[in-house]
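Hi everyone, thanks for coming. Today I'd like to walk you through one protein model, piece by piece. Please have a look at it first.

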Amino acid sequence: GATYTAPASVTINATAADADGTVSSVAFYQGSTLLGTDTSSPYSYTWTNVSAGSYALVAKATDNGGSTTTSSVVNIAVNSGGSLTLTDNFDSGWGNFVSGGTKATRSTTQKHSGSYSARMINNESTSLITYANNVNLSGYSSATVSFWYYTTGFESGKNFLVQVSINGGSSYTTVASYVSGTNFSNGTWYNAVINLSSSQISGTFRLRFRNDAEDDSDMLYVDD
């Protein structure tokens with residue numbers, strides 16, 4: 001059968017006729033799941049945002065007398081998607097992110113490039129930046145988070161967190177913790193790369209950075 005790349009848009013077409021009456025509708029199914037119905041010729045349905053996997057498609061025509069005829073199965077394969085790149089440097093605003101509150105601001109004090117970075121102070125509930133909206137990664141088998149960071153005032157053992165949500169922000173899981181004295185020293189820009197597996201991404205994916213240090217002298221800057 002046909003192959004597609006996720007997140008796919010699949011148009012399903014069907015031809016139907018009734019020798020002694022009229023065709024009332026054509027319903028399109030993926031297995032036993034109804035995708036949609038068309039009541040006028042030419043009969044078709046476009047299935048959008050299809051994630052990676054193998055699917056069996058059928059069409060069922062119903063005539064004006066209530067009789068039905070089902071087509072043969074058409075198998076399709078949707079392969080994992082190519083790449084989706086989201087980039088933020090905070091120069092013209094928050095971009096994909098939103099500030100958690102007063103302890104998270106755009107700052108010109110330290111920046112890896114351009115004029116601004118995102119600064120998070122202390123470990124209060126507002127010391128974070130979060131994706132403002134869900135990102136649909138349902139068609140992808142993995143994702144990579146790459147960023148630069150810089151700290152001041154972090155005592156040895158203090159850390160910051162990178163967290164992801166796969167339920168639209170209802171809850172978050174820590175995917176990386178960066179610890180002063182182990183992963184970094186104050187006053188230096190570092191590049192971090194986090195590889196996320198399929199279980200850590202979803203159609204309602206969100207990302208956030210959280211300062212988990214101790215007081216207002218503990219500043220985290222994130223950029224690029």
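I'll go through the sheets, then the cores, then the salt bridges, and finish with one serine.

A word on the ground rules before we start. This is a predicted model, so local features need pLDDT of at least 70 and side-chain atom pairs count only at pLDDT 80 or more, while totals for chains, interfaces and linings use all residues. Residues are numbered from 1 along each chain as its sequence is written, and side-chain values use heavy atoms, with hydrogens and water left out.

Let's begin with the sheets. Strands here are DSSP runs of E with at least two residues, numbered from the N terminus, and two strands pair if DSSP finds at least two bridges between them.

Now follow strand 13, residues 143-152, across to strand 16: the two run antiparallel and are joined by seven bridges.

Strand 9 is joined to strand 12, residues 128-131, by three bridges, and you can find Ser99 opposite Ile129 of strand 12.

Next, a hairpin. Strand 3, residues 23-30, runs antiparallel to strand 4, residues 33-38, with five bridges between them. Tyr29 stands opposite Leu34 in strand 4. Two residues sit between the strands of this hairpin, and Gly31 takes a positive phi near 65° there.

On to the cores. In soluble globular proteins, nonpolar side chains tend to be buried together. A nonpolar core here is a set of buried Ala, Val, Leu, Ile, Met, Phe, Trp, Tyr and Cys residues joined through side-chain atoms within 4.5 Å. Buried means under 20% relative accessible area, exposed over 50%, and partly exposed in between, with a 1.4 Å probe and protein chains only.

The largest nonpolar core has 31 residues, and Phe147, Val162, Tyr178, Phe205, Leu207 and Phe209 touch the most other members. Which strand gives the largest share of this core? That is strand 13, with four residues. A second, separate core has 18 residues, including Ile12, Val26, Leu35 and Ala59.

Now the charged side chains. Side chains of opposite charge can pair when their charged atoms come close. We call it a salt bridge when a side-chain nitrogen of Lys or Arg is within 4 Å of a carboxyl oxygen of Asp or Glu. How many salt bridges does the structure hold? It holds two.

One joins Asp216 and Lys103, at 3.0 Å from N to O. Asp216 lies in the loop between strand 17 and strand 18, and Lys103 in the loop between strand 9 and strand 10, so the pair ties together parts that are 113 residues apart in sequence. Asp216 is partly exposed at 42%, whereas Lys103 is buried at 16%.

Glu214 pairs with Lys158, their closest N and O atoms being 3.2 Å apart. Glu214 is in the loop between strand 17 and strand 18 and Lys158 in the loop between strand 13 and strand 14, so this pair ties together parts 56 residues apart in sequence. Glu214 is partly exposed at 41%, and Lys158 is partly exposed at 24%.

Last stop: Ser180, in the loop between strand 15 and strand 16. Is Ser180 buried or exposed? Ser180 is buried, with a relative accessible area of 5%. Its side chain reaches the backbone oxygen of Glu155 at 3.4 Å. Leaving out residues up to four places away in sequence, Ser180 touches Phe154, Glu155, Ser156, Gly157 and Lys158, where contact means heavy atoms within 4.5 Å.

That's my tour, and I'm happy to take questions.

Notes
Polar contact = N/O pair within 3.5 Å; in protein donor to acceptor, adjacent residues only side chain to side chain.
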